[in-house]
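Please read them alongside the coordinates.

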Amino acid sequence: MPLATLDIRVVRGPVRYAALESFPSPAGAECVFLGRTRAETHPVHGDLASLDYHAYESMAESVLHELARQAVAQHGCLFVRLHHALGPVAVGQASVLVQAVCGHRDAAFASCRWLIDALKSSTPIWKREVWADGTTWAPGQSPPGGGTLRTQPPTSAPPAGGSAPHAKAKEPSA
């Protein structure tokens, strides 16, 4: 089996889909998941303006690399791309890209689904919802303060001491 190519990045701002320049010759399937910020309305704080992502960056990249290696081992992926945004991502823009290339469609679909689910449950990346009138941490996140409503304007400082669901370590204080 040929060696797999991995393209793993944590990027500032929205992510963008990128077509493969050189498709692996033994591959017959490519599955792409592009997660975008959807329009929502909070019952108290109004319309969603953006999602603001924070991460323990070095650990996030390490976890993403490990997930990609697992997808290669479990599903025979020939190419895996995992890109995740940091900072603000407006409604309609993309925050996560998962791209899996495999020999057959079943493996490509299975690996893409497994990768996004594993990424969301194990990568130390936190999501803050920025509403017209206030901010909240997304449900299921563990930022400092237990996910309580934040009414101050968004800042670029990452959360201190919070952890992603099932993350192995906590982010150090900034």
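1. Overall burial. The protein chain has 174 residues, and 47% of them count as buried (under 20% relative accessible area; exposed is over 50%, partly exposed in between; 1.4 Å probe, protein chains only). This is a predicted model, in which local features need pLDDT of at least 70 and side-chain atom pairs count only at pLDDT 80 or more, while totals for chains, interfaces and linings use all residues. Residues are numbered from 1 along each chain as its sequence is written, and side-chain values use heavy atoms, with hydrogens and water left out.

2. Layout. The protein chain holds two helices and eight strands (DSSP runs numbered from the N terminus: helices are H or I of at least four residues, strands are E of at least two). Their order from the N terminus is β-β-β-β-α-β-β-α-β-β. Take the contacts (heavy atoms within 4.5 Å) with a separation of 6 or more: 71% of them in the protein chain are between residues 24 or more positions apart.

3. Salt bridges. How many are there by the rule used here? The count is seven, a salt bridge being a side-chain nitrogen of Lys or Arg within 4 Å of a carboxyl oxygen of Asp or Glu. One of them pairs arginine 81 with aspartate 7, at 2.7 Å from N to O. Arginine 81 belongs to strand S5 (residues 79-90) and aspartate 7 to strand S1 (residues 5-12), so this pair ties together parts 74 residues apart in sequence. Both arginine 81 and aspartate 7 are buried.

4. A bridge from helix to strand. Glutamate 57 and arginine 12 form a salt bridge, with the closest N and O atoms 2.6 Å apart. Glutamate 57 is in helix H1 (residues 57-75) and arginine 12 is in strand S1; the two are 45 residues apart, and the pair links distant parts of the chain. Glutamate 57 is partly exposed, at 31% relative accessibility. Arginine 12 is exposed, at 61%.

5. The arginine 128 site. A salt bridge joins the side chains of arginine 128 and aspartate 52, 2.9 Å from N to O. Arginine 128 lies in strand S7 (residues 125-131) and aspartate 52 in strand S4 (residues 46-55), so the bridge ties together parts 76 residues apart in sequence. Are these two residues buried or exposed? Arginine 128 is buried, with a relative accessible area of 4%. Aspartate 52 is buried too, at 7%.

6. The charged end of arginine 128 sits over the ring of tryptophan 137, 5.7 Å from its centre (CZ of Arg or NZ of Lys within 6 Å of the ring centre and within 35 degrees of the ring normal). Histidine 54 is also in strand S4 and is buried, with a relative accessible area of 4%.

7. Helix H1. H1 has 19 residues and spans 26 Å from first C-alpha to last, close to the 27 Å expected at 1.5 Å a residue (1.5 Å times one less than the number of residues). Its buried residues include Met59, Val63, Leu67 and Ala71. An α-helix has 3.6 residues a turn, so residues three or four places apart point the same way. Cover for the buried residues of H1 includes S1, S4, S5, helix H2 (105-122) and S7. Just after H1, glycine 76 has a positive phi of about 70 degrees.
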